[in-house]
Amino acid sequence: MDAFGSLLDGFGTALTPMSLLWAAIGVLLGTAIGVLPGIGPAMAVALLLPVTYGLDPTGAFIMFAGIYYGAMFGGSTTSILLNTPGESAAVVAAMEGHPMATSGRGAQALAAAAIGHFTGGMIGTLLLVALAPTIADLAVDFGAPDFFAIMVLAFIAVTSVLGASRIRGLASLLIGLAIGLVGLDQMTGQQRLTFGSLQLADGIDVVVVAVGLFAIGEALWVAAHLRRTTAEAIPVGRPWLGRADLRRTWKPWLRGPLIGFPFGAVPAGGAEIPTFLSYVTEKRLSKHPDEWGRGAIEGVAGPESAASASAAGTLGTMLTLGLPTTAVAAVMLAAFQQYGIQPGPLLFQHEPDLVWGLIASLFIGMVLLLALNLPLAPLWARLLRIPRQYLYAGILFFAAVGAYAVGGEVIDLVILLVIGLVGFGMRRYGLPVLPAVIGVILGPNAEQQLRRALQISDGSLSGLVSTPFAVTVYVIILLIVLWPLLRRLPLPRRRTG
Amino acid sequence: MSARLSRRDQRPARSSRDRRFTSELGVSAVLLAIGVLVLTDALTMDVEIAQRGPVGPRTVPIAVGAGLLAVAALLAVDVLRGGRGAAEEGEDVDLSEPADWRTVLMLVGVFLGTAVLIEPLGFPAAGALLFWGAAYALGSRRFDRDPLIAATLSLVTYVVFNNLLGVPLPGGPLMGAL
């Protein structure tokens with residue numbers, strides 16, 4: 001395959017001064033966001049969507065990818081030193097990493113995590129280079145029925161696999177689909193849910209929805225329950241690893257990506273499941289079973305490597321199929337839409353400079369991140385002292401900038417606030433936010449594919465299952481839907497109060 | 001809705017279970033309302049305009065609206081059977097304390113104020129007021145530091161967006177004077 005030739009061309013794009021600058025900004029912002037509690041990579045990319053109005057796509061995506069990877073690195077720092085994960089992907093890092101830090105081995109834990117992210121990210125991105133063009137080639141003949149099936153899979157997976165309650169996930173998805181309906185019908189120009197308003201006829205901008213749900217909703221929710229006491233981070237020195245630790249960590253580093261990459265690529269919730277699986281695997285394989293729970297370094301090395309590799313898998317699915325499997329990928333997909341670029345199999349043919357420049361920049365970003373995080377981790381930990389009032393005031397500030405920059409309309413600020421209040425309500429009542437965002441972003445596209453597929457088959461529903469691929473996808477969907485019945489479980493739910 | 005909940009939250013804790021119960025059913029009601037809205041809009045749609053293909057602009061809205069009604073009903077059943085949505089947790093979130101509605105209302109007020117002021121005052125001034133106001137609502141009382149940070153942040157953001165990225169933001173009288 002000429003994938004590696006294309007990758008070399010990509011390095012040509014990624015090594016220009018401007019691309020390097022965006023990569024550096026991305027990884028710096030990403031690490032900061034990863035370290036800071038309350039603000040995750042999805043919110044950060046959403047808040048930065050307005051830069052798409054002024055920046056070329058290559059620079060913007062290089063920066064976004066840097067944020068995604070950087071947040072993985074930074075998230076484990078908070079987990080290890082504070083025992084409160086900065087990101088959901090870093091929950092597992094706290095399980096062994098924090099006991100290590102409390103027993104004076106924080107430096108080793110940070111090093112095991114940082115090198116784990118580096119190894120996992122590198123191997124994951126190499127897998128991406130090797131597999132993505134093949135998948136894109138296979139998918140290049142995809143028609144409307146195939147795309148519609150994939151999108152239905154995304155809808156079902158995001159509501160069923162994630163979260164505690166399927167019914168609440170479904171409610172969230174339908175809210176998103178309803179928001180996506182507002183505006184002119186793409187095929188006939190028919191007004192839908194506009195109530196005669198000219199502003200609503202343009203539809204509700206995806207930027208406003210993403211920023212409202214992720215940023216305003218989160219800031220208001222935290223404001224209502226702001227923790228008055230903040231934990232103090234454990235002070236550590238420069239991360240390093242001795243020979244004995246290296247002997248224990250190199251295998252988990254290499255095993256992590258094998259678990260992380262495939263889970264990142266399928267719609268199964270991003271890094272949470274693979275990091276946990278890696279943790280369990282390493283625990284089973286460990287030669288030091290007595291240390292687990294009290295600070296086993298394998299329990300940091302493996303999961304962190306898996307986390308970064310899952311990010312590569314997520315990017316692979318998004319670039320080749322246009323299918324977002326995590327919140328960050330969903331927001332990046334929204335960014336593609338802002339540029340009028342449709343990610344999917346044809347992306348590799350239509351935008352080779354962008355795709356390969358982006359992939360090449362991932363390698364550069366990883367090197368930058370290792371250099372930034374290994375010696376400077378104690379410095380990053382100081383970010384935790386930022387007053388929470390400023391943090392959440394800043395989130396509201398940048399959310400307002402983002403929504404206003406969409407079109408310079410005051411009404412967008414009001415819509416932003418309303419969607420933010422919806423996001424607040426969803427957090428209070430346990431409705432996951434991600435299905436709504438996926439619904440808004442994929443909904444209009446899914447409708448178009450559905451109508452195209454049915455146009456070809458002249459209205460017959462058999463047009464939706466006219467290809468072997470679509471049939472396979474529907475079988476997978478059926479399995480996901482029936483899974484709880486197969487396991488003889490009632491509707492899963494959590495009880496409170 | 002927020003004001004109503006605020007008064008409720010200050011009542012003694014003994015009715016906490018009933019309150020939670022009714023407000024959970026409120027989610028169902030909201031879904032029902034959106035569903036009815038989407039369905040009404042779809043059914044009253046005038047589809048004289050050339051419909052291309054067998055599936056017109058009404059089909060998907062009808063499906064979404066019907067789905068919302070079904071989910072509203074299923075959620076109500078789930079709540080009546082004892083199901084509760086788990087409030088989202090987070091690093092800075094302390095769920096053991098009752099919700100602080102005053103702060104939320106103040107933030108909403110500050111945000112709406114910004115929306116009103118952004119055009120007459122311009123972005124740098126309105127943005128600074130937003131940051132300062134939000135920080136104040138969240139409990140920051142550093143009158144020496146807060147306005148300074150707010151002004152700097154707002155001005156730098158304005159310059160970055162307006163001059164570097166080419167995303168126009170209104171400068172207002174302040175930038176006109178400078």
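Among contacts in chain A between residues at least 6 apart in sequence, what percentage join residues at least 24 apart? The figure is 80%. Keep in mind as you read that this is a predicted model.

## Chain A as a whole

Let's start with the overall build of chain A. Its secondary structure consists of 19 helices and two strands.

Helix H3 of chain A, residues 41-48, is mostly covered, with eight of its eight residues buried. These buried residues are A:Pro41, A:Ala42, A:Met43, A:Ala44, A:Val45, A:Ala46, A:Leu47 and A:Leu48. What do the buried residues of H3(A) pack against? Their partners in chain A are helix H2 (17-35), helix H4 (57-82), H9, helix H13 (327-338) and H16.

A:Leu193 sits in the loop between strand S2 (191-192) and helix H8 (198-201) of chain A. Its phi is near 50°, a positive value in a residue other than glycine. Is A:Leu193 buried or exposed? A:Leu193 has 23 C-beta neighbours inside 10 Å, and therefore it counts as buried.

## Chain B on its own

Now turn to the other chain. Chain B has seven helices and zero strands, and along the sequence its pattern reads α-α-α-α-α-α-α. Of its 178 residues, 35% count as buried. Among contacts in chain B between residues at least 6 apart in sequence, 63% join residues at least 24 apart.

Helix H4 (residues 101-121) and helix H5 (residues 123-137) of chain B pack at an angle of about 170°. H4(B) and H5(B) are therefore roughly antiparallel to each other. On the H4(B) side, the residues making the contact include B:Met106, B:Val110, B:Phe111 and B:Leu117. On the H5(B) side, they include B:Phe123, B:Leu129, B:Leu130 and B:Ala134. By class, this contact of H4(B) with H5(B) has 14 nonpolar, four polar and no charged residues.

## Where the two chains touch

How many residues of chain A are in contact with chain B? There are 70 of them, and they touch 72 residues of chain B. The elements of chain A that give two or more residues to this side are H7, helix H9 (206-224), helix H16 (388-407), helix H17 (410-428) and helix H18 (434-456). H16(A) provides the largest share, with twelve residues. Sorted by class, the side of chain A that touches chain B has 41 nonpolar, 16 polar and 13 charged residues.

In the first, helix H7 (residues 166-181) of chain A packs with helix H3 (residues 59-80) of chain B at an angle of about 150°. H7(A) and H3(B) are therefore roughly antiparallel to each other, and their crossing is left-handed. H7(A) brings residues including A:Ile167, A:Leu170, A:Leu174 and A:Leu177, while H3(B) brings residues including B:Pro61, B:Val64, B:Leu68 and B:Asp78. This contact of H7(A) with H3(B) has 13 nonpolar, one polar and one charged residues.

In the second pair, H16(A) meets helix H6 (residues 146-164) of chain B, crossing at roughly 30°. Are H16(A) and H6(B) roughly parallel or antiparallel? They are roughly parallel, because angles under 35 degrees count as such. The crossing of H16(A) and H6(B) is right-handed. A:Tyr390, A:Phe397, A:Val401 and A:Ala405 of H16(A) make the contact with B:Ile149, B:Leu153, B:Thr157 and B:Phe161 of H6(B). By class, the contact of H16(A) with H6(B) has seven nonpolar residues, one polar and no charged.

| Helix pair | Angle | Axes |
|---|---|---|
| H7(A) and H3(B) | about 150° | 9 Å apart |
| H16(A) and H6(B) | roughly 30° | within 12 Å |
| H4(B) and H5(B) | about 170° | 8 Å apart |

Definitions and conventions:
Residues are numbered from 1 along each chain as its sequence is written. Chains are lettered from A and ligands numbered from 1 in the order in which they are written. This is a predicted model: local features need pLDDT of at least 70, side-chain atom pairs count only at pLDDT 80 or more; totals for chains, interfaces and linings use all residues. Axes are lines fitted to C-alpha atoms, for helices over the stretch in contact, and angles run from 0 to 180 degrees between N-to-C directions. Helices (H or I, at least four residues) and strands (E, at least two) are DSSP runs, numbered from the N terminus. Angles under 35 degrees count as roughly parallel, over 145 as roughly antiparallel, 65 to 115 as roughly perpendicular and the rest as oblique. A crossing is left-handed if the near helix is turned anticlockwise from the far one by less than a right angle, and right-handed if clockwise. Two residues are in contact if their C-beta atoms, placed from the backbone, lie within 7 Å. Ala, Val, Leu, Ile, Met, Phe, Trp, Tyr, Cys and Pro count as nonpolar, Asp, Glu, Lys and Arg as charged, and the others, Gly among them, as polar. A residue is buried if 20 or more other C-beta atoms lie within 10 Å of its own, exposed if 12 or fewer, and partly exposed in between; C-beta atoms are placed from the backbone.
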